[in-house]
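Colleague: I'm new to reading protein models, and I'd like to walk through one with you. Could we start with pockets?

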Amino acid sequence: MNSTPFSMYFDLLNGMSDEKSTTKRFLSNMKGMVSDNDALEEMLANEDELAYEFYELSLPEKDGALLFGTSIVYPGKVGNEYYMTKGHFHTILDTAEVYYCLSGNGYMLMENPEGEWAAEELTPGRAAYVPGRYAHRSINVGTEPLITFFVFRADAGHDYGTIETKGFRKLIVEENGKPVIVDNPKWKNA
């Protein structure tokens with residue numbers, strides 16, 4: 001835990017830091033998160049690719065503190081669905097978060113428990129504000145890594161379980177060479 005001022009280096013081009021290691025999520029970590037599980041299994045038979053990685057800083061998880069880091073989502077698709085992060089709500093549901101795009105091209109897909117959703121485009125220099133009560137996931141629709149810098153309240157926690165159980169209402173898939181937002185046929189209204 002760190003309760004004194006400090007700084008940390010993040011490379012603006014690749015989002016990486018030589019001061020800490022990342023948490024890595026491979027395709028095998030995305031089982032049940034993608035719409036085409038058959039395509040995922042076929043890909044895993046060949047190789048378990050790195051889908052994304054992010055930094056989790058060890059800072060005090062207390063009210064008034066902030067957590068920050070970078071997220072790197074690699075380009076690729078499972079079937080026609082773009083690589084993405086798992087996505088999460090915050091345990092403290094009213095927690096907002098900001099993502100600032102350093103490089104790449106993608107979307108921040110968001111939804112709240114009441115059924116409202118949004119997809120904000122992420123391009124270099126563009127920041128996406130995720131309001132409290134919104135689950136969110138980063139989706140890379142480009143050919144380069146999607147790199148974002150994020151910040152949120154340190155005691156917010158992460159609820160991945162709701163998304164693992166229900167999924168997101170919407171998916172971003174490639175149709176005719178372009179990203180398109182479609183209804184998720186596997187979304188569970190429970």
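Modeller: On a 1 Å grid over the protein atoms alone, a pocket is an open set of points where a 1.4 Å probe fits, with protein on both sides within 12 Å along at least five of seven lines; lining residues have an atom within 4 Å of a point. Points are joined across faces, edges and corners, and the volume is the space filled by probe spheres set on them. Before we go on, this is a predicted model: local features need pLDDT of at least 70, side-chain atom pairs count only at pLDDT 80 or more, and totals for chains, interfaces and linings use all residues. Residues are numbered from 1 along each chain as its sequence is written, and side-chain values use heavy atoms, with hydrogens and water left out.

Colleague: What volume does the largest pocket have, then?

Modeller: About 370 Å³. Its lining has 24 residues, and Phe54, Phe150, Phe152, His158 and Tyr160 lie nearest the centre of the largest pocket.

Colleague: Which elements give two or more residues to that lining?

Modeller: Strands are DSSP runs of E, at least two residues, numbered from the N terminus. Here the list is strand 2 (50-54), strand 3, strand 6, strand 10 (135-140) and strand 11.

Colleague: How do I read aromatic pairs?

Modeller: Rings of Phe, Tyr and Trp (its six-membered ring) pair if their centres lie within 6.5 Å; planes under 30 degrees apart are stacked, over 60 edge-to-face, and the rest tilted. A search of the whole structure turns up seven such pairs. Take Phe68 and Phe149: their ring centres are 5.8 Å apart and their planes at 35°, so this pair is tilted. Phe68 sits in strand 3 (residues 66-73) and Phe149 in strand 11 (residues 146-153), so the pair ties together parts 81 residues apart in sequence.

Colleague: Is Tyr99 buried or exposed?

Modeller: Buried means under 20% relative accessible area, exposed over 50%, and partly exposed in between (1.4 Å probe, protein chains only). Tyr99 has 7%, so Tyr99 is buried. Phe150 is buried at 8%, while Phe149, at 29%, counts as partly exposed.

Terms used. Helix = DSSP H or I, 4+ residues; strand = E, 2+ residues; numbered from the N terminus.
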